[in-house]
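Please keep the sequence and the structure in view while reading.

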Amino acid sequence: MARVLTPRAEDFPRWYQDLIAKAKLADNGPVRGTMVIRPAGYAIWERMQAEMDARIKAAGAENAYFPLFIPESYLKREAEHVEGFSPELAVVTHGGGKQLAEPVVVRPTSETVIGEFMAKWIDSYRDLPLLLNQWANVVRWELRPRIFLRTSEFLWQEGHTAHATREDARAYARRILHEAYEDLMVNVIGIPVVVGLKTARERFAGATATYTCEGMMGDGKALQLGTSHELGQNFAKAFDISYSSKEGGREHAWTTSWGTSTRMLGGLIMAHGDDNGLRVPPKLAPIQAYIMIVKDGEGVAEAAAKLHDGLRDAGVRVALDDRTDTAFGRRAVDAELRGYPVRVEVGPRDLAVGNATVVRRTDGSKSPTPVADVVAAVLAALETDQQVLHDQALANRESRTVEVATLAEAIEAAATGWARVPWSAVGVAGEAEANGQGVTVRCLVRADGSVPDSEDEPDLVAILARAY
């Protein structure tokens, strides 16, 4: 292949930008910090969205929609929340040619407006739990934008729930964390994630606990791929989300919120991409098999169409490229860039001996295959390569993660990967010191890898890294 991307080892950020542009995934929007998601990128997002939506519904939540504009006074009712978001807010002061009586905030997240309606809709313990989710755009004014990773406007889902007890709220926040987020990231997107508890310094504004899924990217940095929050009764008290208990008293509910966004697209690119472009795990890929006519010849178009139909009937998401007026090499480069898991190349020379060529994106291997065996070969490659991408990402994380004993060693290790260090060796003061050097505590885990309830538990392990 001709070199079309900056090599990852040479300049990882430039490689990332090159890939997004050359694979036609997205473009910068006309307002600084915004993005245009092109059809190739949006098709992947739609697949992520569908897979996530199914998992959220399986956990009992229902989709709804809430306004983009939120009265500024709503945010001010939960002091820690507004303080945390103030630097990122976009505020509308004029509408219809007139100054508004009260400024409205363009939604940065919806705890406040949804809290207002939860208070309206919940009256009795019989109304609980209330499990809501919305797919929406949000705006957080970003000073250092990067497509998919940090943009002033992005797409996401945000879940919001209300429960009768703290235990129920915690159980649900963790259910989403594991059954929706971790499951999707590991088993569909193919990114092995460390699931843990955020420190008080890193947790969501207004939350009592934040749980996170952290993935390692190809350059050793961390990316927060999704978070789930226990909000305690903070928002319930601010918005009077209360209910009549079985005993007849009036109690405040316990609430949660949780979200994943188009940042997962950035994670997909950086965790699996190589110097030839994107590599999309088969379970996620909008196009799993890409049939290419190398050049016209007797029976080639017919054979390619028959393979297309055979793969489609076998449940494969398949597309046919018959643009023989465009050079095959250029089309092959484009297919590599977009990361189609399998290509099936059909040309007169191979077909003359009854073959087509099956090309696997994971390793670039090319296998002449009898036409009658192509469907079986593609199905086998899709199953194998889903695991291959996960295992390669896991091997990258394991090779770049070191066990250390001190904060100084952890900060040094974070130059090239992740450090696992006793939380007792870091603490609040050490975390501030690390932050001053561009290193953050990504999460806390127990020694056995499980998620702690509190950062005050003994013998916790801190994961330190540089992050996007």
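Which domains does the domain assignment of the protein chain give? It gives domain 1 (12-272), domain 2 (289-384) and domain 3 (416-465), with bounds that come from an automatic or database domain assignment. This is a predicted model, in which local features need pLDDT of at least 70 and side-chain atom pairs count only at pLDDT 80 or more, while totals for chains, interfaces and linings use all residues. Residues are numbered from 1 along each chain as its sequence is written, and side-chain values use heavy atoms, with hydrogens and water left out.

**Overall form**

- The protein chain has 14 helices and 23 strands; these are DSSP runs numbered from the N terminus, helices being H or I of at least four residues and strands E of at least two.
- The radius of gyration, taken over C-alpha atoms, is 25 Å, close to the 23 Å of the globule rule for 468 residues, so the protein chain is as compact as a globular protein of that length. The globule rule is 2.2 Å times the number of residues to the power 0.38.
- Along the principal axes, the C-alpha atoms fill a box of roughly 80 × 55 × 50 Å.
- The C-alpha centres of domain 2 and domain 3 are 48 Å apart.
- Of the 468 residues, 53% count as buried (under 20% relative accessible area, with exposed over 50% and partly exposed in between; 1.4 Å probe, protein chains only).
- Among contacts (heavy atoms within 4.5 Å) between residues at least 6 apart in sequence, 68% join residues at least 24 apart.

**Nonpolar cores**

- A nonpolar core is a set of buried Ala, Val, Leu, Ile, Met, Phe, Trp, Tyr and Cys residues joined through side-chain atoms within 4.5 Å.
- The largest nonpolar core has 62 residues, of which Leu 25, Met 48, Phe 148, Ile 189, Met 264 and Ile 269 touch the most other members. Helix α6 (residues 166-187) gives the most to this core, contributing 8 residues.
- Leaving aside residues up to four places away in sequence, Met 48 touches Leu 184, Ile 189, Met 264, Leu 265, Leu 268 and Leu 284.
- A second, separate core comprises 26 residues, including Val 113, Met 118, Leu 128 and Ala 207.

**Helix α1**

- In helix α1 (residues 12-22), the buried residues are Phe 12, Trp 15, Tyr 16, Asp 18, Leu 19 and Ile 20.
- Their cover includes β1 (26-28), α8 (263-272) and α10 (328-338).
- At the N-terminal end, Asp 11 caps α1, with a side-chain oxygen 3.1 Å from the backbone nitrogen of Arg 14.
- Lys 24, which follows α1, has a positive phi near 60°.

**Salt bridges**

- The whole structure holds 24 salt bridges (a side-chain nitrogen of Lys or Arg within 4 Å of a carboxyl oxygen of Asp or Glu).
- Arg 55 forms a salt bridge with Glu 51, with the closest N and O atoms 2.8 Å apart. Both residues lie in helix α2 (residues 39-58), 4 residues apart, and both are buried.
- Arg 55 also meets Asp 183 in a salt bridge (2.7 Å, N to O). Asp 183 lies in helix α6 and Arg 55 in helix α2, so this pair ties together parts 128 residues apart in sequence.
- Asp 183 is partly exposed, with a relative accessible area of 26%, whereas Arg 55 is buried at 17%.
- Arg 331 and Asp 321 form a salt bridge (3.3 Å, N to O), and both are buried.
- Salt bridges that share partners join Arg 170, Arg 174, Glu 230, Arg 446, Asp 453 and Glu 457 into one network.

Methods:
Polar contact = N/O pair within 3.5 Å; in protein donor to acceptor, adjacent residues only side chain to side chain.
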